[in-house]
Amino acid sequence: MTNRVTVSVPATTANLGPGFDVFGLALEMRSTYTVEVLSPEEKWSVYFEGTGADVLNEKGFKFVSEVMDYFERAESVHLPPLRINVHTGIPLTRGLGSSASAIVGLLSCFEVLMNEHFDTGKVLKYAIAIEGHPDNVTASLVGGFTIAASDRSDVAYMKVVPQNLKVIVTVPSSFLSTKKARACLPDMYSRGDAIFNIGRASMLSACIFSGNYDLLSFALHDRLHERYREKLVTGFHEVSRAADRAGAYGSFLSGAGPSIAALADPAKAEKVAKAMQKAMIELDAEAETFVLGISSQGVILQTADDEKA
């Protein structure tokens, strides 16, 4: 049995406007998870370093335990004592898929340690069951732009890796929990809003899969979640307008927020980033803006045997 595995998992932005709980996009920003099997008499331990490590070293143990418990129940196994080291490169509770990365990373490690192989479909089902929706976890697992759908028994997704596209993300210093961002959403929507989002989501899919981005500015609009969440996000309209004026294809709330993302031609990405950051500065709001590539890969695995080779 492999006794140590390291997994690198990308950040993700989800929804991309109209694709609520369906669209995901993997980004070139990663967290790393290393899990090592200990001797039977030792006790399991978890250590966090990197972005948000101070918070995670106080509160992250419960989350890791929940993922471990789910895996053990689903697989009908008992995990041996483990040493878990997490290097977080993804800002926490900012709408960049930090929880999805952790779920996928930990499940992937447990899968390889206990089963000597990697079953993508099974890991995806487990991750969706824990996370509750497929958008972030699918992109975290397989990379690229993903369209995912699931019910109690089936999971399906499609993936493409967009070319000639950069993602600019403005990340505020403030936190926003997914639970709070979901609580503000209505239980029912009008037929008009449903039709609006079906049209935009279909157009967005066509743009990304074809590589023709001319209609992205039309497609990156939403009526199901952004209008309800914008009151929780500092500078949403100001930053979005700044991105559009600087030449972005369009902008959207990254996941549940509070990060704000834009898509742009690589040649315009830096200009868009400066404009988005300036908009936050003018609001006297603390934030950091990143220009990120799209990660073609999701989970990247390395076992102790790979290291020896």
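**Salt bridges and helix packing**

Reader: Does Arg182 count as buried, exposed or partly exposed?

Author: Arg182 counts as partly exposed, because its relative accessibility is 28%, where buried means under 20% relative accessible area, exposed means over 50%, and partly exposed lies in between (1.4 Å probe, protein chains only). Please keep in mind that this is a predicted model, in which local features need pLDDT of at least 70, side-chain atom pairs count only at pLDDT 80 or more, and totals for chains, interfaces and linings use all residues. Residues are numbered from 1 along each chain as its sequence is written, and side-chain values use heavy atoms, with hydrogens and water left out.

Reader: OK, and what does Arg182 form a salt bridge with?

Author: Its partner is Asp21, and the closest N and O atoms of the two are 2.6 Å apart; a salt bridge here is a side-chain nitrogen of Lys or Arg within 4 Å of a carboxyl oxygen of Asp or Glu. The pair links distant parts of the chain, 161 residues apart, since Arg182 is in helix H5 (residues 178-183) and Asp21 is in the loop between strand E1 (4-14) and strand E2 (23-37). Helices (H or I, at least four residues) and strands (E, at least two) are DSSP runs, numbered from the N terminus.

Reader: Is Asp21 buried or exposed?

Author: Asp21 is buried, with a relative accessible area of 19%.

Reader: How many salt bridges are there in the whole structure?

Author: A search of the whole structure gives seven. One of them joins Glu75 to Lys122, with 3.2 Å between the closest N and O atoms, and this pair brings together helix H1 (residues 53-75), which holds Glu75, and helix H3 (residues 120-131), which holds Lys122, across 47 residues. Glu75 is buried at 17% relative accessible area, and together with Glu111 and Lys122 it belongs to a network of salt bridges.

Reader: New topic then: at what angle do the axes of H2 and H3 cross?

Author: The axes of helix H2 (residues 98-115) and H3 cross at roughly 140 degrees and come within 10 Å, with axes fitted as lines to C-alpha atoms, over the stretch in contact for helices, and angles running from 0 to 180 degrees between N-to-C directions. H2 and H3 are therefore oblique to each other, because angles under 35 degrees count as roughly parallel, over 145 as roughly antiparallel, 65 to 115 as roughly perpendicular and the rest as oblique.

Reader: Which residues in H2 and H3 meet?

Author: Among them are Ile103, Leu107 and Glu111 in H2 and Lys122, Tyr126 and Ile130 in H3, where contact means heavy atoms within 4.5 Å. By class, this contact of H2 with H3 has eight nonpolar, three polar and three charged residues (Ala, Val, Leu, Ile, Met, Phe, Trp, Tyr, Cys and Pro count as nonpolar, Asp, Glu, Lys and Arg as charged, and the others, Gly among them, as polar).

Reader: And how far apart are the axes of H2 and H4?

Author: They are 8 Å apart, and H2 packs against helix H4 (residues 135-142) at an angle of about 50 degrees, so H2 and H4 are oblique to each other. Ala100, Ser101, Val104 and Ser108 in H2 meet Asn136, Val137, Ser140 and Leu141 in H4, and this contact divides into four nonpolar, four polar and no charged residues.

Reader: Is Ser140 buried or exposed?

Author: Ser140 is buried, with a relative accessible area of 0%. Leaving out residues up to four places away in sequence, Ser140 touches several others, including Val9, Pro10, Thr12, Gly298 and Val299.
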